[in-house]
Amino acid sequence: GAEDAYLDINIRNRAVSVLDSLAGSDRPFFLAVGFLKPHLPFCSPQRFLNLYDDVDFSGIDTMRISGAPELSYHNSNELRGYVDICDSQIDNEVLKKAYYACTSFADENIGVLIKELKRLGLYDDTVIVVLGDHGYHTGEQGLWCKSTNYEAACHSPLIIKDAGQKTARKVNDPVEFVDIFPTLADLCCIDAPQELSGKDIWNLDEGQIHYAVSQFPRPYAALHRAKARTHMGYTVRDSRWRYVEWYDNDGNLAETELYDLSQTDFETENLSGLPACSSDESRLKSALAKLPKN
């Protein structure tokens with residue numbers, strides 16, 4: 001269909017218009033722009049699908065994780081909520097092409113806003129944060145969508161550009177979205193409250209082990225129906241390891257998982273309980289114990 005039928009195009013155009021008006025003021029501004037894609041459904045203008053006509057998406061590793069408890073998995077319910085997929089066999093190659101197209105669509109929309117900042121002469125004076133609200137399984141480990149305590153779902157995009165920044169740097173320590181506010185406060189020379197949970201990403205303590213935490217319930221379909229929930233899974237991640245604990249509704253520990261991510265992008269083998277990993281598992285268990293359970 002016509003490109004102006006896409007909500008993200010309208011959001012982009014509105015954001016450009018707002019930037020134009022803000023540029024006429026001497027006052028600092030904060031503008032939040034939320035694009036929908038690459039969220040389901042995987043719809044994008046045809047030209048983005050065309051970008052991937054010659055790309056081979058057949059090499060997706062759909063092997064399930066060795067030793068992972070059944071609780072950790074789901075039936076990709078969010079994806080199956082669409083009538084053209086529903087209970088049919090998931091076509092990983094077709095869906096991954098559509099997902100990549102939606103991601104390129106989002107990339108262009110973000111690029112249009114950055115180009116407008118440059119045109120208005122605001123780029124070097126503006127802090128820019130690009131983030132997605134969660135990660136995403138795209139067929140890997142036999143899963144689609146989010147709703148797991150694994151790397152694909154918990155590792156979210158986060159890019160921060162300081163005003164006037166000329167060179168890029170990568171922070172390898174785990175950080176969280178609660179860290180964005182104290183980081184922005186520092187970059188914008190604003191005094192932030194001392195009791196914030198987050199930390200300033202720009203000035204992480206060197207030599208200190210940093211953690212990121214997440215959680216997700218089971219069964220997956222019961223996300224908004226707490227009475228149907230039987231288990232809650234909690235996970236903690238440091239720069240190398242991911243540790244997961246599953247509790248039933250009575251607070252009993254049902255399952256544990258431990259994964260070494262130093263050599264792989266995704267979890268492949270559950271190492272929980274192995275003597276060789278006991279010290280790291282114990283440390284991560286202690287870190288997760290500080291997380292309130294609900």
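Is Tyr150 buried or exposed? With a relative accessible area of 1%, Tyr150 is buried (under 20% relative accessible area, with exposed meaning over 50% and partly exposed in between; 1.4 Å probe, protein chains only). The model is a predicted one, where local features need pLDDT of at least 70, side-chain atom pairs count only at pLDDT 80 or more, and totals for chains, interfaces and linings use all residues. Residues are numbered from 1 along each chain as its sequence is written, and side-chain values use heavy atoms, leaving out hydrogens and water.

Now for the partner of Tyr150. The rings of Tyr150 and Tyr259 sit with centres 5.7 Å apart and planes at 90 degrees, so this pair is edge-to-face (Phe, Tyr and Trp rings, the six-membered one for Trp, pair if their centres lie within 6.5 Å; planes under 30 degrees apart are stacked, over 60 edge-to-face and the rest tilted). Tyr150 is in the loop between β3 and α5 (151-154) and Tyr259 in strand β8 (residues 253-260), so the pair ties together parts 109 residues apart in sequence (strands are DSSP runs of E, at least two residues; helices are runs of H or I, at least four; both are numbered from the N terminus). Tyr259 also counts as buried, at 1% relative accessibility.

Across the whole structure, the search turns up 11 aromatic pairs. In another of them, Phe42 and Trp144 have ring centres 6.2 Å apart and planes at 50 degrees, so that pair is tilted. Phe42 is in the loop between α1 (7-22) and α2 (46-50), while Trp144 belongs to strand β3 (residues 144-145), 102 residues apart. Phe42 is buried at 14% relative accessible area, and Trp144 is buried at 1%. Together with Tyr99 and Tyr136, Phe42 and Trp144 form one aromatic cluster.
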